[in-house]
Amino acid sequence: MPPLLLPASPSLSLHFAGAAAATAAATAASSSRRAMVAVASAASRSSSSSSFDASAFEAERLRLDADARASMETTAAGAQAEADPRAWKWKIRKRVWDVLEAEGVARNPRPVHHRIPNFDGAAAAADSLGRLDVFQNAQCVKVNPDSPQKQVRFVTLSGDKKLLTPQPRLRTGFFSALESQMIPAGCIPEACTSVGAAKYGRPIGLDEVIKVDLFVIGSVAVDPSTGARLGKGEGFAELEYGMLRYMGAIDDSTMVVTTVHDKQLVDDIPVEKLLIHDVPVDIICTPTQVILTNTAIPKPQGIYWEKLSPEKLGQIRILRELKRRIEQETGTILPCGPSENLPPTAQRRRRGREN
């Protein structure tokens with residue numbers, strides 16, 4: 001069945017400038033409840049809030065971001081030079097990144113290469129997502145922590161829904177759960193940043209009983225005719241999806257949605273070359289249209305340990321914890337993927353505040 005294209009409605013974007021006033025005017029009762037809860041819980045939260053070192057958190061996040069982007073750049077160059085089986089993915093990614101920059105669509109943080117790229121119209125795409133029935137009916141929405149999905153996180157929290165967002169690259173933790181009642185009045189825009197999610201969110205673990213109604217994912221490129229998607233190449237979205245499957249928080253019926261610019265729509269992702277852990281998308285929201293892909297690509301069923309290298313496993317504490325747990329519960333040793341040479345990390349100049 002071909003994809004169904006729907007024109008985007010006129011934008012009702014809740015931009016961050018004046019966001020608190022707009023939210024208060026639209027949802028007075030919600031704001032009042034938030035204020036009362038914030039006052040009532042101020043004493044219990046003041047200690048943790050005052051002890052949260054936002055500067056240190058942001059410095060560490062930027063350091064990890066610099067290391068990871070340097071690593072991806074080296075990996076991409078090596079893959080193309082050595083005729084790596086993944087080279088086709090890097091060619092598509094580079095083409096999309098180049099187009100976004102060349103045509104003036106890219107937005108900070110720049111350059112967009114080796115990132116989930118931020119783009120002009122990201123807020124309009126997010127607002128189109130916010131008008132979908134599947135979003136309106138959702139109580140808990142998982143959203144990636146990248147810049148172009150900041151407005152999605154804002155729409156989620158300002159709509160009194162639970163927001164589940166991963167710690168950046170899963171290296172400093174797992175997921176943070178946020179609800180508007182947990183956030184002081186006027187602080188929702190801050191809570192939509194990586195620092196704010198860590199400051200106001202409640203960390204959850206593998207034992208959390210939670211049901212995610214909608215899985216929002218960032219993309220570099222996506223094929224509207226098949227739902228095939230490419231991320232930035234680190235594989236964290238697939239790991240997040242797999243761990244939530246293990247927890248029983250999502251299943252095959254959980255819709256996967258992405259927001260991208262129309263320039264990120266491609267028609268040359270070969271479905272037959274996708275790996276078993278690649279996550280397809282059901283719905284694509286751009287600034288101008290909503291596309292129902294009717295994807296036939298199977299969704300991953302969990303973590304595919306035989307695909308994980310020892311080096312990758314060593315980077316992510318929560319994955320090591322999950323592996324130990326499963327091995328203890330089953331009494332078997334899980335398989336491990338082939339070793340990989342992770343390139344040496346490198347620093348880069350800060351070119352703008354991300355998230």
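Student: Is D268 buried, exposed or partly exposed, and what's its relative accessible area?
Tutor: This is a predicted model. In it, D268 is partly exposed, because its relative accessible area is 31%.

Student: Which side chain does D268 meet in a salt bridge?
Tutor: The side chain of R95. The distance from N to O is 2.7 Å.

Student: Show me another. What does E321 form a salt bridge with?
Tutor: R317 is one partner, with the closest N and O atoms 3.3 Å apart. R325 is another, and there the closest N and O atoms are 3.7 Å apart.

Student: Where do E321 and R317 lie?
Tutor: Both lie in helix α12, residues 317–330. They are four residues apart, about one turn of the helix. E321 and R325 are also four residues apart in α12, again about one turn.
Tutor: There is a follow-on. Salt bridges that share partners join D207, R317, E321 and R325 into one network.

Student: Does R325 count as buried or exposed?
Tutor: Buried, because its relative accessibility is 19% and the cut-off for buried is under 20%. E321 has 24% relative accessibility, so E321 counts as partly exposed. R317 is partly exposed as well, with a relative accessible area of 40%.

Student: New topic. How many residues are in the largest nonpolar core?
Tutor: It has 37 residues. Those with the most contacts inside it are L164, W305 and L319.

Student: Which elements give two or more residues to this core?
Tutor: They are β4 (175–178), β6 (214–217), α10 (236–247) and α12. Helix α10 gives the most, with seven residues.

Student: Which domains does this core draw on?
Tutor: Domain 1 (58–71 + 85–292) and domain 2 (304–339). At least three residues come from each.

Student: Back to W305. What does W305 touch?
Tutor: Leave out residues up to four places away in sequence. Then W305 touches L313, L319, L322, K323, I326, L334, P335, C336 and G337.

Student: Which residues are in the second, separate core?
Tutor: That core has 26 residues, including L132, I183, A191 and V216.

Student: You mentioned C336. How many disulfides are there?
Tutor: The count comes to zero.

Student: Let's switch to K199. Where is K199 found?
Tutor: In helix α9, residues 194–200. K199 counts as partly exposed because its relative accessibility is 26%.

Student: Which side chain joins K199 in a polar contact?
Tutor: The side chain of E190, at 3.3 Å.

Student: And how far apart are K199 and S176?
Tutor: They are 23 residues apart in sequence. In space they are 9.7 Å apart, C-alpha to C-alpha.

Student: Okay, S158. Which helix is S158 in?
Tutor: Helix α7, residues 150–158. S158 counts as buried because its relative accessibility is 9%.

Student: What lies 2.8 Å from a polar atom of the S158 side chain?
Tutor: The backbone oxygen of F154.

Student: Last bit, the whole chain. How many helices and strands are there?
Tutor: There are 12 helices and 11 strands.

Student: How much of the protein chain counts as buried?
Tutor: Of its 355 residues, 53% count as buried.

Student: And what about contacts between residues at least 6 apart in sequence?
Tutor: Among those contacts, 71% join residues at least 24 apart.

Conventions:
Residues numbered from 1 in each chain as written. Predicted model: local features only at pLDDT ≥ 70, side-chain atom pairs only at ≥ 80, totals over all residues. Heavy atoms only, no water. Disulfide = S-S within 2.5 Å. Buried < 20%, exposed > 50% of the residue type's maximum accessible area, 1.4 Å probe, protein only. Polar contact = N/O pair within 3.5 Å; in protein donor to acceptor, adjacent residues only side chain to side chain. Salt bridge = Lys/Arg side-chain N within 4 Å of Asp/Glu carboxyl O. Core = buried A, V, L, I, M, F, W, Y, C linked by side-chain atoms within 4.5 Å. Domains from an automatic or database assignment. Contact = heavy atoms within 4.5 Å.
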